[in-house]
Structures are given as C-alpha cells and as structure tokens.
Amino acid sequence: MLSFRFFFRCTLLLHFLLLTGYNYSNANERRELTAVRTPLPPVIDGTIRDPLWQTANVTDRFQQYEPRNDRPATFDTEVRVLYDDEALYIAARLYDSSPDSILREMGLRNSGNDLNADRFYVDINPFDDGINGFRFQVSASGVQTDANLAGPGRNGDLNWDAVWVSEVGTTENGWTVEMKIPYSALRFPRGNIQKWGINFWREIRRKRETSSWNFVDRRVGDELAYLGSLTGIDGVSPPLRLAFYPYISNYVEKNGFDRGWANSFNGGMDVKYGISPSFTMDMTLIPDFGQVQSDAKVLNLTPFEVKYDENRQFFTEGTELFEKADLFYSRRIGDRPRGYQLAAAEAGEGEIVYENPLENRMINATKISGRTSGGLGVGFFNAMTAASRATIMDTLSGESRKVTTQPFTNYNLMVLDQSLKNNSYMSLVNTNVAGSEEGYTANVTGTEFRFMDNSNMFRISGSGAINQQYFSGGENNYGFKYDIEAGKTGGTWRYYYSRSVISDTYDQNDMGFLRRNNRIDDGLTLGYNVFDPFWRFWSLTNSLSLTYSRLFEPNTFTSLEIGHNMMMLFDTRFHISLNTRYRPRGERDYYEPRVPGRYYRTNEELSINMRYSSDYRKRLYVDGSFSYGIQESAVRKKEYGFMLRPTFRISDRMNTSYGFEYEEKINDLGYVMHTRQDSVYFGRRHSPTVTNTLRTTYIFSNDLSLDFNLRHYWSRVDYDGQYYLLGSNGIPEETARDLDVHDINYNAFTIDMMLTWHFAPGSQMTLAWKNVIDHRVTGIHHGYIDNFRDMLDHPQINSLSLRVLYYLDFQNVKTLNERLRS
C-alpha cells in the first residue's frame, strides 16, 4: 500500500509539472537546412575549391553556447551540405580575424575534446527523436573524434568508432574543413524523403567560446533536444552495411616466475552486419584483448568489491542501449572463475595447485542493436565462456588431475527502449546468466524511464529491477530495487526529490555490479546556477542536499548527511570545485563488521574535497586536488590527501604529464577478524598511499602515434598493536588481546606503451609493450627507494605484442570487383 501511494503521488506530481512547465521560445525556433543532391562526390581535400560545393545552400549565423548564451558567435561560420547515394558531404568555412592564433595541437584519434585546438563538429540524429545521435568532429589540426550521443555525458560514448573521411585547410581568413560521412556510418529508417535532426558546432579554443548553428539553451543542457532540421535528402536507401575486421597478433611474454619466455600466435575477426537499415549486428570471433590498458589496481580493505573500468573495445563501443537500468557490467564476462578458490580446497595432502586460470576464456560475443522508425530501440547481447579447469599435481608421483572451477557459461541481455515525446523514454531490460556453477541460473528484469515536460526543465526519472537466483538444490533467492527522482532539473534554480530502495536480498552481480544492498536513501537537493559571466566569474553552480539513509531490513537509521557542492570557473579559465559532506550523527555501518546484525558506530563526520585546474590553453597547466576528513568514534580518525598533476605541452606534437598523489589515514579503525561466537575485532592502523603516474604522447602524424603510460601505486597498512572489541552498541572498546595481524605492503606497477599506425581507414597496426608487477607482502618498507628496489626484484609480467587489424567493407570490395570486371 505504501508503494502504491508513493507512485500515485509521483504521477500527480508529473501531471502538475507538465501543466506548469515553462515554455522558452528559443527552444521552438528550429532552423532548417536543405541538402542538395550532387551528381558526383566532391573532392575531399580541405580546400572547398571543388565547384560542386557552389551548388549547395549556405547557412551561417551561429549563436554562442558559452560563455554567453544570448548573443551571436564572435566569428562567422558558413556550412554547406551535399549528398548522393553513398554519403553525406559537409563543408565549413570558419572565419577568424587572426588565423595565426588558431590553436592546432595534434593528438590521438578521439582525443579532440582534450586538445588545445579549435574544433568543428556536427551532431546528426536520423530518427530526430531528441534522445539519440552521432557526433563527427574534426580539430583544426585534423584530428578526428566521433561519438554516439546516446551514451553518458555531454560528449557521449567516445568508444564508438565509425569509418569516415575528413580534411582541413588554412586560409588567410581562417580555416576550412570537409567531411565525407558514409551512410554505412549511420543508422536511419527507410523512406524516400528523409528528415534528420542536425546541428553544427564550433569551438574557438583561445577564446573558450563554443557556438552552435541551432540555438541550444544552456540552462537545460540537453543538446540533443535542440537540433535543427536537415531536409532535402530524397531517394536515398540505407546501404548494405557489412564489414569485416580480421586480425592477427603475435605475443612474446615472460610471466616472471620460472617458465621463461613464451610465444603465441593468434588470429580472429570482428564482424559488423547491418541486419536492416536501422539494426546492426556486431560479433567478435576468437577475441584477443591482450593489448588493452592495464587496470589501475588498488589495495582494498573494505567489505565491498572494487569496480574497474572496462577497456576491451568490443564491450565499450555501441553499448549505450545495454547500459539502461544499470544492470550490465561487462567485466563479468571473462572474469575470475566462480570457483577459483575451489582448487586450493580440492588439493589433498602432497598435492599442489600447479595451474589455476585467473580468467574465464571467452569463446565469442554478439550484440544486435538498433531503433525502428517508431522510436523503439532493441538490443540483444550474448556471450559464451569456456569451462575453466585448474590443474592439481601430486608432488611425489608427478601425476596431475583437473578440477572445474567454472563450467561453460552463457550470458544473455535483452533491452527494449521506447522513445517518447519531449525527449522522454521508457526501457525494459533483462539479464540472464546460466551455468556459472552446476544447476545455477541468475535472472534480473528491470526498467528505466524518463518523463520530461515540453520545456525540458521538469522531469521524473527512475529505474527498478527484480532478481531471481535459482540453485540446483531448489533454494531460490528473490530481491528488488528501485530509485526515482522528480523535480526541476533545468534552469537557474533546480530542485528535486530522490529516493532509492534496495532490498536485503537483491543481487545483480552475476552480470551487473552492485557494491551493496539493503539500503533506503531519501534525498532533497536545491541548486542555483549562474550561466552568464559576471565580475571575474565565467560560470558558477551551487547545490545543497540532504540525505536520510537507513537499512531496508531491519528498518533502522544508518546516517543523515548534509552536502554542499560548488563549482567556479573564472575568466582566467581557472576552475575550482568544492565538495563538503557533514554527518552530524555519524554513521551506523552494518558492513564493516562482516557479521550479520552487527554494526560499527561513529559519532560525527566531516569531509572536504577540492579539485582545481588551470588554463588548459597554456603550454604548462596543472590539475590538482586536496581532501580532508575527520571522524569521531572510539578514537579520532583523520584522513587527508592531495594530488598534483602538471602537464607540459612541449609542442603541438608532444606533451607529457606527471602525477603525484598522496593519501593518509591516521587512527583508522578497521575490521581484522571475528570468532565463531561472532566477537568482532578491529585494529588501529596507519595507512599512507602514494601514487605516481607518467604519461607521454608523441604524434608523428594524424595516422602514427606513440603513447606511454606508467603507474606505480604503493600502499601500506601499519597496525600499531592496539586492538578493539566491537560492543553490541556498535562502539569499539580497547582490548588487551594480542591478535596475529600482519602489516601490509602492496605495490601495483604497470607500463603500457603503444605505437599505433592507422595505415588505412578503419585499419591499424599496433606494437605494444606491457609490464606488470602486482605484489603484496607482510613486511613494510618505510622508504620509497627501498620499496621500489625490492618491488623490482619480485616476479613481473613482460609482454611484447604486434597486432594488425584490417577493415574490409563489403560495398567497397563489391565496387572494386565491378570496376575490375568492366
């Protein structure tokens, strides 16, 4: 009854918002550009000299997005659009009163948002639904960046890669850009007459000015809601989209133990097939992920799992549909076998675990996604991993036997996502994992929704899910979660209410990621934003929040938190953000004791975090942060840290960045053990952590680059010998008991160096060197140099690999074959 009343009130609130929402005239002033059919494709050389461009309609009059959202752009920009049966062609002439001052830093592909360079880009939404779209961007130095705008963040999903052509040029009045965007890079519905959403953007880097062809209200911040119209595209049919990406790779590796160097040769292929004009199938056959970026490993003393980023391209590209309802964590596929620890338990007397795979081997993976002309997005994902088996050896006879640590496992994901009016949507998601252990199946069904009013200022959004886990013995587990947010999320003043509920039996971690369940959070947030520059401020945002948290079962208080966030951007481009959290009653932590029903109580907590960055237009700029926290409990815990990362732009081709980060916890009380009688013991510890990073990038040309990344993470845990017995009231009390608890010295050292050559569109050759040391011991080094030397003496993994991937487009192969025959 309570849940019904809650949703009923939310429905009434939505109707109220829809009736009282503001109506901004600029949002409805939609500009229109008519594309012109060309009999021949124009020459793409960055000059706009081909006479065919003179047949195109010219549009201009860009409006500022920032810094001032109410006036014309400083410099003129002219855009032309042509099309034929194969591609869309775009030419832009970007005027500048000081062409010599145009910034042109070079960089890696898809790094355009971080470059110190002017940019031109186009956003295209063939379905014109205000939710989905594609971005094609070129810097003044010729660096390509593309993104799927249905992904998270303002810049979208940068892991989405398309094959398209662009060239830039320089004139006495500014610079020019030409693009050829094949229809194979887009998804659009069938129809003789097409009407697409489109917007053109320009950034003048030295002025920090961004402008758009169709006006975009920065108070709303949803760029896809403000696309103009591209008309005139007639008689165009979506092409057969079939592409093959065969690869070969060779690895020379040394695992650092006693098995010497090993050599391996791999081959496989990725396939992209356009099942229909709007749906694409992606498949990876015999995948190879040996060259992905190394994980930024950390020492984890918490009762929760650490979530690491996904770096495998197949799982990062075109996955926006599969991220609905936050039920999919792709690193579960190919993760550590579910029964990895089983091998040690199976080894009997006189036996050792000779070999135990750390990862499940993936056989293949397939994803199908697209959107119908009616706005229904459909996604299907399937992956299979082979059975993992550990080898147990008898030390006397030398005989060995196999133990299955995880059987053959199938992972499945289905998504339906319906676009609605006013940039709203509703989704249905289902995940299913079968076979991760004998007789076990895990199923999660969820939804995500967003309802906006016609001003895009008010919304109700949320998600929910239920899970079922079926075990071979007939024991089943069920749970649920939901969260909802309602209020005004655009404009100068913003306010909204949020609620999140996760039951104590909910578990989505077979195919998703959930750090902890059994919680209820209710929150109120009030924000005030200043978008127009004043005095020395470029922009200013403020928000104040109040969050009341408790357990789902039993329904008991855990914390009350007051938060304040502030971001300031100055006219010098110096950026500061400040985050403050205060818990006047501390927290009742039911997770740290690791025993059901027990909790650790703190009295009062305060934390302050500040981040800052200087002007990125300078040759030398700095990013940094500072944090401080204090917690009152049985002892006073202090925590502080700082980070400093200067970046030096040596030239437009080379930059280097060094980062130093230090964190320290003093008088930190944490779990060390519990007895069978559920007596919980905490230890007082001192925990300093140092992280050093070094990154250098050198761009030989827009097709050839060298990238070097080094990271050394060193964390220590030094127990001072004072231990505490956790009382039934949650307060630790000193005990004279001497516990056998060891100090910890942990090092994670990685080097990733990659030489990448894009020798043809969509094709590349990569030479990579990776070095990994992951070492944990009980003795502590107090000096950095001594620790570093000792770390280098321990086993490490060295890998040198060469990988060649070639892009084969069926249409191009077919056209070439026809030309040869003729």
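So, where is Arg208 found? Arg208 sits in the loop between strand E12 (193-204) and E13. Before I go on, keep in mind that this is a predicted model.

Let's stay with Arg208 for a moment. Its phi is near 55°, which is a positive value in a residue other than glycine. Arg208 also comes out at 16% relative accessibility, and the cut-off for buried is under 20%, so we call it buried.

Asn456 is another one to look at. Asn456 isn't a glycine, and yet it has a positive phi of about 60°. You'll find Asn456 in the loop between strand E25 (441-452) and strand E26 (458-470). Asn456 counts as buried because its relative accessibility is 9%.

Okay, on to Asn214. This residue is in the loop between strand E13 (209-212) and strand E14 (228-234). Buried or exposed? Asn214 is buried, because its relative accessibility is 3%. And what does its side chain reach? The side chain of Asn214 gets to the backbone oxygen of Tyr226, at 2.7 Å. Leaving aside residues up to four places away in sequence, Asn214 touches Glu29, Arg30, Arg31, Asn199, Tyr226, Leu227 and Gly228.

Last topic, the cis peptide bonds. Glu66 and Pro67 are joined by one, with omega about 10°. Pro67 belongs to the loop between strand E4 (63-66) and strand E5 (77-83). Further along, there's a cis peptide bond between Glu553 and Pro554, and here omega is about -5°. Pro554 is in the loop between strand E30 (537-550) and strand E31 (557-570).

That's it from me, thanks.

Technical notes
Residues numbered from 1 in each chain as written. Predicted model: local features only at pLDDT ≥ 70, side-chain atom pairs only at ≥ 80, totals over all residues. Heavy atoms only, no water. Helix = DSSP H or I, 4+ residues; strand = E, 2+ residues; numbered from the N terminus. Buried < 20%, exposed > 50% of the residue type's maximum accessible area, 1.4 Å probe, protein only. Polar contact = N/O pair within 3.5 Å; in protein donor to acceptor, adjacent residues only side chain to side chain. Contact = heavy atoms within 4.5 Å.
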